Amino acid sequence: MKTEEISWEAELDLDAVNFSVNQALNTKKLFRYQFKESNSLVNILENEVCKYVQSDFALGVSSATNAIFLALKAVGVKSNSKVLIPAFTFTAVPSAVLQCGAEPILVDINDNYVIDLKDLELKIISTEAKYLLLSHMRGHLCDMDKVVSICRKYSIILIEDAAHALGVKWKGKHAGTFGVAGVYSLQSYKLINAGEGGVLVTNDPEVFWKSVFMSGSYEKNYLLHSSNQTDIAEKYINQLPIFNVRMNNLTAAIAIPQIHNIESTIDKINENYIRFSEILDSNKIICFPQESSLIRAVRDSAQIRIKLNESLRLKLKSELNNSNIPISYFGGKNNTNARLYENWKFLDISNAVLPNTKRNLEEVFDLRLPTHFTITTIENIARVFLKVLKKVESNS
Ligand SMILES: *Cc1c(COP(=O)(O)O)cnc(C)c1O
């Protein structure tokens, strides 16, 4: 197989998805609240997510970003609130904070791409922020015991952006279930490809019901959720603004067969990742992050640190792209990458003190390894990668 023949776009198991989508279409009811009981496909997906991650409540919405927004509103983030976020995240994450009218406070990361807990503590003290929106970027988890204990110590409300961490576990417990609320994405470049979509999970009935109403549940629609704790819901009828960010039944129909297969997908992509990193490890200037043995990872992407000077890194990126390996790169001048805080021109970062984030990302390449890849595809990509790297090194 040549690299030109590799399809890098997310794919689907069409047999399963066609069946499920046809079932949804045949009902002709695509709006979740058209069903007279809590048995729409969105309800079914919500129940599956609850069962999978072991949470009490789940709410399907239109994107993870909207789920973050609802979670922040539901826990009380307001226009004068400060919300701590790791400086390495996707541009939509500080955007959701801004959508609440609140102020994002960027916290440094370490060389494993996760929040620096010392800087977190310093910034809790210096800013008196009361919220942490912990973004598990690319599925990397920090020490969850430590972050939870820091949050307890300072009475910080923890929300997890597990948009790209569905299935990742810390000591057997799912990412997204450590704080008051957690969020997963169903956008095509995440583990479950439904095009777009998000799921909010929580064990707190107040947070759940507030999110339900704000997501666009009006009048008696709250009765169509899979929870009978409606006495709490009733407190909020007509009390909250409604943002209409619901999930529709087609999205759920696409996602449901994929959540049924999620564990075998995770096994497969983790094997792919291990094979990929084994082959690349033969070149000593390449370095993969050291993952704690307490983490069950879900590796549908690789973050690859390569010790080369700046101009060679740029050369490597363009040569890999020319070889049909769509790698991106976090460093370099004039880089427009949406995961670099310096590029978030809508934020005033002139006073942000982040000595390590940029340095820790500078040598790092980022590559998606889609779920449909086979071991053969992976070996092929890894060998081409090494060949291109050797050529770039030898021309230096
Ligand atoms: C993809 C992603 C988001 C945004 O998810 P959407 O569903 O596209 O809104 C937020 N945070 C992280 C860490 C992500 O990877």
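User: How is the lining of the largest pocket divided into nonpolar, polar and charged residues?

Analyst: There are 11 nonpolar, 11 polar and seven charged residues in the lining of the largest pocket. Ala, Val, Leu, Ile, Met, Phe, Trp, Tyr, Cys and Pro count as nonpolar, Asp, Glu, Lys and Arg as charged, and the others, Gly among them, as polar. The model is predicted, so local features need pLDDT of at least 70 and side-chain atom pairs pLDDT 80 or more, while totals for chains, interfaces and linings use all residues. Residues are numbered from 1 along each chain as its sequence is written, and side-chain values use heavy atoms, with hydrogens and water left out.

User: What makes a space a pocket, and which residues lie nearest the centre of the largest pocket?

Analyst: On a 1 Å grid over the protein atoms alone, a pocket is an open set of points with protein on both sides within 12 Å along at least five of seven lines, and a lining residue has an atom within 4 Å of a point. For the largest pocket, 29 residues pass as lining, and Phe90, Arg138, Gln187, Lys190 and Arg339 lie nearest its centre. Its space is about 600 Å³, a volume filled by probe spheres set on grid points joined across faces, edges and corners.

User: Which parts of the chain supply the lining of the largest pocket?

Analyst: At least two residues each come from α3 (64-74), α4 (92-99) and β14 (364-368). Domain 1 (14-260) and domain 2 (262-394) each give at least three residues to this lining.

User: Where does the second largest pocket lie relative to the domains, and why?

Analyst: The second largest pocket lies between domain 1 (14-260) and domain 2 (262-394), because both give residues to its lining. The domain bounds come from an automatic or database assignment. This pocket holds about 370 Å³ of space. Its lining has 15 residues, with Glu103, Pro104, Ile105, Asn351 and Ala352 closest to the centre.

User: What makes the largest cavity a cavity, and which residues line the largest cavity?

Analyst: A cavity is a set of points where a 1.4 Å probe fits but cannot get out. Four cavities of 30 Å³ or more are counted, and the largest has a volume of about 100 Å³. Among its lining residues are Tyr189, Lys190, Leu191 and Asp300. Four nonpolar, four polar and four charged residues make up this lining.

User: How big is the second largest cavity?

Analyst: The second largest cavity has a volume of about 40 Å³. Residues lining it include Ser185, Lys190 and Asp300.

Notes:
Helices (H or I, at least four residues) and strands (E, at least two) are DSSP runs, numbered from the N terminus.
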